[in-house]
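Could you walk me through how the helices and aromatic rings of this model are arranged? Here is a friendly tour, with the cut-offs given along the way.

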Amino acid sequence: MPFIWSSDLDTGIDVIDQHHRRIADYINALEIANASGNRAEVGRTLDDLVDYTVSHFAFEESLQEEAGYAFCKPHKRVHELFVRRVNEYVERHRLGEDIGAELYKLLSTWLVNHIKRDDADYVAAVRTNMLGIIAEKRERKDTGWFSRFFRR
């Protein structure tokens, strides 16, 4: 059964929502690879999923740090524990174990819970910071020499 994205998983931060949807796509690709019984494809998809998720976590953590999110370190720890757990599945797969159904359940459940609980907690801080950066850039743009020259 495919993982179906629903709007209640949107954080309201477009780039983060795009990343989360991509992770959902990888989860579905992994499910398709599992169903095909092609172990090599399962391995490749699993590697791609892990790589993408790790880069997403780093990006998300950088946004939190920049925003001064108070619980950045605990959030990062949640990410680290999850990566460690998934890497255990990667190793089990490499050793020949059929981890498909178990891993699909873990990934899809974890993604929903993580977005709705952990990620929802940082959204306000990150959005406020992003809006501040946008406003600052607009202000700088409006005070450039070109703008000043043509306002006269």
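A residue is called buried when its relative accessible area is under 20%, exposed when over 50%, and partly exposed in between, using a 1.4 Å probe and protein chains only. This is a predicted model, in which local features need pLDDT of at least 70 and side-chain atom pairs count only at pLDDT 80 or more, while totals for chains, interfaces and linings use all residues. Residues are numbered from 1 along each chain as its sequence is written, and side-chain values use heavy atoms, with hydrogens and water left out.

**Helix α1**

Helices (H or I, at least four residues) and strands (E, at least two) are DSSP runs, numbered from the N terminus. D17 lies in helix α1 and is buried because its relative accessible area is 3%. With contact meaning heavy atoms within 4.5 Å, D17 touches W5, L9, D10, T11 and G12, leaving aside neighbours within four places in sequence.

A33 belongs to helix α1 too, which covers residues 14-36. A33 has a relative accessibility of 3%, so it counts as buried. Beyond residues up to four places away in sequence, A33 is in contact with N38, E41, V42 and T45. The C-alpha atoms of A33 and G100 lie 8.8 Å apart, although 67 residues separate them along the chain. G100 is in helix α4 (residues 100-142), and its C-alpha is 5.7 Å from that of N34.

How does the span of α1 agree with its 23 residues? The expected span is 1.5 Å times one less than the number of residues; for α1 this gives 33 Å, and the end C-alpha atoms are 33 Å apart, so the two agree. Just after α1, G37 takes a positive phi of about 75°.

**Aromatic pairs**

Rings of Phe, Tyr and Trp (its six-membered ring) pair if their centres lie within 6.5 Å; planes under 30 degrees apart count as stacked, over 60 as edge-to-face and the rest as tilted.

| Pair | Centre distance | Plane angle | Type |
|---|---|---|---|
| Y69 and Y122 | 6.2 Å | 65° | edge-to-face |
| F82 and W110 | 3.7 Å | 15° | stacked |

Y69 lies in the loop between α2 (39-67) and α3 (72-94) and Y122 in helix α4, so their pair ties together parts that are 53 residues apart in sequence. Y122 is buried at 0% relative accessibility. Ring pairs also link F57, F82 and W110 into a cluster.
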